[in-house]
Structures are given as structure tokens and as C-alpha cells.
Amino acid sequence: MHQSHGAQTHELLSRIDELAVTEARGVEDAPNALLYWNAQDLSNLAWAYGRLRAQASLAPNQVAAVSAVGRAALALGLRGFWPQGLSNLLWAHARLAVPCADLSQAICSEAVARDLAGFSSQEVSNLVWAATVLDGRMEPSLCGAVAAWLRRCDAVDAFDHPQVRVRHRSHFS
């Protein structure tokens, strides 16, 4: 029988919540299964949780699950993440208001170390938004990397709208 979109979403949320309960228990009950996931899986899980759970308050076990995804990403090492994966991880934590100072610092440092090379305008904007939401400000090193990124991509490729282009150039030049 065909499920409606709402039923499919509810089923997916139930499965994610089940994972949340399992992962929130951590090492007391079993090895952390997320430690065996790859970078793409972790960033997809964080993104999906951010998209599907952003409308509701998270229960403590769900906050713990999102935090577990961040810890697993740090344990895996951020060098293996594509730019979209880095920005999605931080975006999900910010969207869900899950504190993650270590993850935020590590992702921003990784993005700066890469000089934002390979990051799209969407990935840069998500990264900047998330870092600002989580930390209350943008780290000077990230601000400098964004300014250099904007100069490199000539802002025409980075932003399609002329008003955005002018506003961003004046802030980062």
C-alpha cells in the first residue's frame, strides 16, 4: 500500500528518534554505531534531522543524538568531508539550536584551512549563518576567508542578485 508523504515523513522521524534514543545512551549500552558511518552518511543524517525536526522542540534524547552525530564527525576527522557536508553539519546544529562549540570551531577552522576552496555560495552562506547563530559572531579568520573567497569568485559567480553582491562586497572588502 502506498504511504502518503506525511506518513513517510512520520515513519522516517520515528526511525531517526529511535536512533536518537540508542545513540544518546552511548557507550554504556553498546558501541556508538555512528563511529562506523562515513562523512556523507553523517552529514546527510544531520541535514535530514535539521529539515525534519526543525518545526518541533527537541526532546533531550534528540539533542543528544544530534550531538552524537557531531562527535562522530569529529572522531572521523573533518578532512574527509566535502564542503557541503561541513556546512550541512553546522547548519543542522544551528537550525536545531544544539550547542556544539567544539564542532563549530573545528568546522570553521577546517573551512579556513581550505581557504573555502571548492565551497559554493550556498555552502559559504550556510556556514557563515550557522557559525554566527551558534557562536553569536563570526570568527575573524572565517571572516577573512570569506572576504578572500568573495574576491576570488568575483562575487558575480557567488551571488546572483545585484543588491546582495553590493552589500556583501561592502562588508568584506
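**A close look at Ala 92 and its surroundings**

Reply: Ala 92 is in contact with Ala 46, Trp 47 and Gly 50, leaving aside its neighbours within four places in sequence. Contact here means heavy atoms within 4.5 Å. This is a predicted model, in which local features need pLDDT of at least 70, side-chain atom pairs count only at pLDDT 80 or more, and totals for chains, interfaces and linings use all residues. Residues are numbered from 1 along each chain as its sequence is written, and side-chain values use heavy atoms, with hydrogens and water left out.

Start with where Ala 92 sits. Its place is in helix 4, which covers residues 83-95. Helices are DSSP runs of H or I with at least four residues, strands are runs of E with at least two, and both are numbered from the N terminus. Is Ala 92 buried or exposed? Ala 92 is buried, because its relative accessible area is 0%. Buried means under 20% relative accessible area, exposed means over 50%, and partly exposed lies in between, with a 1.4 Å probe and protein chains only. Ala 92 and Trp 47 are 45 residues apart along the chain. Their C-alpha atoms are separated by 5.5 Å.

Helix 2 spans residues 39-53 and helix 3 spans residues 60-76. Two packed helices are described by the angle between their axes and the distance between the axes. For helix 2 and helix 3, the axes come within 10 Å and cross at roughly 155°. That crossing makes helix 2 roughly antiparallel to helix 3. Axes are lines fitted to C-alpha atoms, for helices over the stretch in contact, and angles run from 0 to 180 degrees between N-to-C directions. Angles under 35 degrees count as roughly parallel, over 145 as roughly antiparallel, 65 to 115 as roughly perpendicular and the rest as oblique. Helix 2 passes helix 3 in a left-handed crossing. A crossing is left-handed if the near helix is turned anticlockwise from the far one by less than a right angle, and right-handed if clockwise.

Follow the chain past helix 4. Ala 97 lies in the loop between helix 4 and helix 5. Phi of Ala 97 is near 60°, a positive value in a residue other than glycine. Most residues other than glycine have a negative phi. Ala 97 is exposed, with a relative accessible area of 63%.

Next comes helix 5, residues 101-113, which holds Ser 104. Ser 104 is buried, with a relative accessible area of 0%. Its contacts, apart from neighbours within four places in sequence, are Leu 90, Ala 131 and Asp 135. Beyond that, Leu 116 is found in the loop between helix 5 and helix 6. Phi of Leu 116 is also a positive value, near 60°. Leu 116 is buried, at a relative accessible area of 1%.

The axes of helix 6 and helix 7 (residues 140-152) come within 12 Å and cross at roughly 160°. Helix 6 and helix 7 are therefore roughly antiparallel to each other. Helix 6 passes helix 7 in a left-handed crossing. From helix 6, Ser 121, Val 124, Leu 127, Val 128 and Ala 131 make the contact. From helix 7 come Leu 142, Val 146 and Trp 149.

Look once at Ser 121. It is found in helix 6, residues 121-135. Ser 121 counts as partly exposed, at 26% relative accessibility. Ser 121 and Leu 150 are 29 residues apart in sequence, with 9.2 Å from C-alpha to C-alpha.

Now step back. The protein has eight helices and zero strands. Of its 173 residues, 42% count as buried. Among contacts with a separation of 6 or more, 70% come from residues 24 or more positions apart.

Finally, a word on confidence. pLDDT is the predictor's confidence in each residue, from 0 to 100. The protein averages 78, and 68% of the residues score at least 70. pLDDT stays under 50 over residues 27-31, where the model has zero contacts beyond four places in sequence. It also stays under 50 over residues 161-173, with 16 such contacts. Where pLDDT is low, the predicted coordinates should not be read in detail.
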